[in-house]
Amino acid sequence: MENFSGLNARVSYERKEEMISDVYHENSKMRRIDGQFWGKRFSEIRSNVHLCKAMSKTYKEYLNNPSVDLPRDFEKSEMSFEDIIINRRTTREFSGEAITLEQLSKLLYFTYGITFSFKAFGQHGGFFHSPDYETGPKAIDVLNEYDGYQAFRAAASGGGLYPLEFYVSVNAVEDLDNGLYHYNVKKHKLELLRKGEMENEYNELVFKEEWQRKASVHFIITSIMDRTRFKYLERGYRFINIDLGHAVENLYLTATSCSLGCAAIGGFFDDEVNNFLGIDGQNETTMLLVNVGQHNDPDASPLIKSNIKKRE
């Protein structure tokens, strides 16, 4: 038994002599002795225009599937940024009532949507940073209408590589059929993978926890590993998990701004969730599940305005 000493606590746990996480962390460290290797690698990537252009187009799409356009005119929250941060909590009690399609759109857009596009590639393919740019939902149209534009998203990403994909199992959303959808980031729409009630099937993937049944939507976040690993090699897996943290915090904060409850779930059967989505679990694999829905009792929720005053 090993001791873990916190600031005010001491607990014991059983530890193997060497854990896989120890081996990975040690072998994915950056060291000064490797500086020349990494410098050369990054220089070669930056100087390869065709590769840079390919990196700017890493969007997964189900082009032959029925799709639903998502609203882009978002109602601004009445809560201040400070209130949103203070009131962010994990919620495990949902009412089962539906959220609106606009709320779902807002959750996806402000979590991982395209918020900035700029002209990055010239007429002859050369990479450069141009003053021509667009922000907000209009950036989506610019990206799709003109070749040569680079897009950035609502969440930070190592190297701007954006390895994550978002799937949504819809349980109760107004004006949207229940089913399993994929979020097409490039066009801000939902692509239908399977139509129908998913709740019983989904519940089998998450230890049959009944409280999750009343969530309006279940977000399933995956990663296409090689979007990041091709550049950062083994260390890329660290960056993918950091990216995941950035995105999920956005989801929590956006849910809070919409007065919705949110709960990330790490307990699920990985291979079964991958099968549920129809992905291979290697090139693309499930990273995290997040439930969002209406609060069971809004008056008992943590959404109580703080004493911080909104700057006029």
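The model I am reading is a predicted one. Ten of the twelve residues of α5 are buried, so I recorded this helix as largely enclosed by the rest of the structure. I then looked up its span: α5 covers residues 101-112 and reaches 17 Å from its first C-alpha to its last, close to the 16 Å expected at 1.5 Å a residue.

Next I turned to the sheet. I found seven strands in an open sheet, ordered β3-β9-β8-β7-β10-β12-β11, with antiparallel pairing. The edges are held by β3 (67-69) and β11 (261-265); each has a single partner strand, so one side of each is left without a neighbour in the sheet. On average, neighbouring strands of this sheet are turned by 25° against each other, direction ignored. I reminded myself that strands of a sheet pair through backbone hydrogen bonds, either parallel or antiparallel.

Strand β8 (residues 179-184) and strand β9 (residues 189-195) run antiparallel and are joined by six bridges. G179 stands opposite K195 in β9.

I also checked which helices lie across these strands. Helix α9 lies across β7 (164-170), β10, β11 and β12 (284-293), and runs at about 15° to β12. Helix α10 (residues 270-277) lies across β7, β8, β9, β10 and β12, and runs at about 85° to β12.

My next entry concerns aromatic rings, of which the structure holds 16 pairs. Y112 and Y162 form an edge-to-face pair, 6.0 Å centre to centre with 80° between the planes. This pair links distant parts of the chain, 50 residues apart: Y112 belongs to helix α5, and Y162 to the loop between β6 (149-153) and β7. Y112 is buried at a relative accessible area of 1%, and Y162 counts as buried at 5%. I noted F116 and F118 as a tilted pair, 5.9 Å centre to centre with 45° between the planes. Here F116 counts as partly exposed at 26% relative accessibility, whereas F118 is buried at 4%.

I found a cluster in which ring pairs link F37, W38, F42, Y232 and F239. K231 lies over the face of F42, at 5.6 Å from the ring centre. Elsewhere I recorded R88 over the face of Y252, at 5.2 Å from the ring centre.

Last, I looked up backbone angles. L233 is not a glycine, yet has a positive phi of about 55°; I located L233 in the loop between α8 (226-232) and α9 (236-257).

Key. Residues are numbered from 1 along each chain as its sequence is written. This is a predicted model: local features need pLDDT of at least 70, side-chain atom pairs count only at pLDDT 80 or more; totals for chains, interfaces and linings use all residues. Side-chain values use heavy atoms; hydrogens and water are left out. Helices (H or I, at least four residues) and strands (E, at least two) are DSSP runs, numbered from the N terminus. The expected span of a helix is 1.5 Å times one less than its number of residues. Buried means under 20% relative accessible area, exposed over 50%, partly exposed in between (1.4 Å probe, protein chains only). Two strands pair if DSSP finds at least two bridges between them. Axes are lines fitted to C-alpha atoms, for helices over the stretch in contact, and angles run from 0 to 180 degrees between N-to-C directions. Contact means heavy atoms within 4.5 Å. Rings of Phe, Tyr and Trp (its six-membered ring) pair if their centres lie within 6.5 Å; planes under 30 degrees apart count as stacked, over 60 as edge-to-face and the rest as tilted. A charge sits over a ring if NZ of Lys or CZ of Arg is within 6 Å of the ring centre and within 35 degrees of the ring normal.
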